[in-house]
Protein chains: 2
Amino acid sequence: MIVRHYTEVAALPVAMEGAENVLIRNLITAKDGAPNFAMRIFDVLPGGHTPLHQHDYEHEILILDGEGEVTEGKRIFTVSPGSVIFIRPGTPHQFRNPGEQSFRFVCLIPNQPTPDVRALPGKDASSGG
Amino acid sequence: MIVRHYTEVAALPVAMEGAENVLIRNLITAKDGAPNFAMRIFDVLPGGHTPLHQHDYEHEILILDGEGEVTEGKRIFTVSPGSVIFIRPGTPHQFRNPGEQSFRFVCLIPNQPTPDVRALPGKDASSGG
């Protein structure tokens, strides 16, 4: 059994092109012996956003702190602590924080030997808007 | 994409023998089309506990509210919001709430066609202590 506080895990900038002011903590991964899926916490800082992107695997997400937006095509969902989000494989999506406090969520993905993540072109991807 | 608040999902009593005052919300499951793993939130009410039990799959857990205990054999870990717990397959474990407020955590498991969950005999299983 591994027990640790999430703040003990380093928060690293998300390096993917199109990400701005997004930090990731890899809490439980295959390196810990997790056989099937990985748990991460993201902090989208005020004004920050992930790229508009898609990939061939799902997200299972629970919002922990702050308020933010998640997009699916032209649909925009406003989410807050306790919101649960299931993003199916292949769905273009983006997280944004238009607020003034950190927008934090836990996000789980299946283990990925070779993740296929694609940033999508267009104004959303370049401007984050 | 599915977006909902966790409180919109019914909280059901955990029916497993040896569970007392434990509620489960099945937030994202195979019924929603989740291909690999399921997200649930548990509430262990004051004085409540899960059975001492084990199974052939892992748990990935984040504590959300309250304070509680998780056991691994004779080891007892006290956990609180932000604690992350990885329980490997086959590890006997129990959750207990000796406190006065609800002990709430999100717990993910791989999809289980035929879950093999075993309550373990002994004083811990019968008394919850």
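## Where the two chains meet

A:Phe86 stands opposite B:Ile2 in strand 1 of chain B. Keep in mind from the start that this is a predicted model. The pairing around that spot joins strand 9 of chain A to strand 1 (residues 2-5) of chain B, in the antiparallel sense and over four bridges.

How many residues of chain A are in contact with chain B? There are 33 residues of chain A in contact with 33 residues of chain B. On the side of chain A that touches chain B, two or more residues come from each of strand 1 (2-5), strand 3 (20-28), strand 4 (37-49), strand 6 (59-65), strand 8 (75-79), strand 9 (83-87) and strand 11 (103-110) of chain A. Strand 9 of chain A gives the most to this side, with five residues.

Chain A is superposed on chain B by a rotation of 180 degrees with 0.0 Å of shift along its axis, at an RMSD of 0.0 Å. The two copies are therefore related as by a two-fold rotation axis. The same surface serves both copies, as 100% of the contact residues of chain A recur in chain B.

## The fold of one chain

Chain A has one helix and twelve strands. From the N terminus on, its elements run β-β-β-β-β-β-β-β-β-β-β-β-α. Among contacts in chain A between residues at least 6 apart in sequence, 68% join residues at least 24 apart. Of the 129 residues of chain A, 35% count as buried.

A hairpin in chain B is worth a look. Strand 7 (residues 68-72) and strand 8 (residues 75-79) of chain B pair in the antiparallel sense over five bridges. Two residues lie between these strands, and B:Gly73 in the turn has a positive phi of about 60 degrees. One of the bridges joins B:Glu72 to its partner B:Arg75 in strand 8 of chain B.

## The core and some buried residues

Now to the interior. In soluble globular proteins, nonpolar side chains tend to be buried together. Here the largest nonpolar core has 52 residues, and those with the most contacts inside it are A:Leu62, A:Val84, A:Val106, B:Leu62, B:Val84 and B:Val106. What does B:Leu62 touch, leaving aside its neighbours within four places in sequence? B:Leu62 is in contact with A:Met39 and A:Val106 from chain A, and with B:Val84, B:Phe105 and B:Val106 from chain B.

B:Val44 lies in strand 4 (residues 37-49) of chain B. B:Val44 counts as buried because it has 26 C-beta neighbours inside 10 Å, where 20 or more are needed. Not counting residues up to four places away in sequence, B:Val44 touches B:Asn21, B:Val22, B:His49, B:Thr50, B:Gly68, B:Phe95, B:Asn97 and B:Phe103.

A:Arg96, a residue of strand 10 (residues 93-96) of chain A, is buried because 21 other C-beta atoms lie within 10 Å.

The table gives two C-alpha separations that involve these residues.

| Residue pair | Distance along the chain | C-alpha separation |
|---|---|---|
| B:Val44 and B:Asn21 | 23 residues | 6.1 Å |
| A:Arg96 and A:Leu108 | twelve residues | 18 Å |

## An asparagine with a positive phi

Most residues other than glycine have a negative phi, and most peptide bonds are trans. A:Asn21 is not a glycine, yet has a positive phi of about 60 degrees. The place of A:Asn21 is in strand 3 of chain A. B:Asn21, also not a glycine, has a positive phi of about 55 degrees and is found in strand 3 (residues 20-28) of chain B.

The model scores ipTM 0.89 and pTM 0.90. Chain A averages a pLDDT of 91, and 89% of the residues score at least 70. Over residues 123-129 of chain A, pLDDT stays under 50, and the model has twelve contacts beyond four places in sequence for this stretch. Where pLDDT is low, the predicted coordinates should not be read in detail.

Notes
Residues numbered from 1 in each chain as written. Chains lettered and ligands numbered in written order. Predicted model: local features only at pLDDT ≥ 70, side-chain atom pairs only at ≥ 80, totals over all residues. Least-squares fit on C-alpha atoms with pLDDT ≥ 70 in both. Contact = placed C-beta atoms within 7 Å. Pairing = 2+ DSSP bridges. Buried ≥ 20, exposed ≤ 12 C-beta atoms within 10 Å, placed from the backbone. Core = buried A, V, L, I, M, F, W, Y, C linked by C-beta atoms within 7 Å. pLDDT = per-residue confidence, 0-100.
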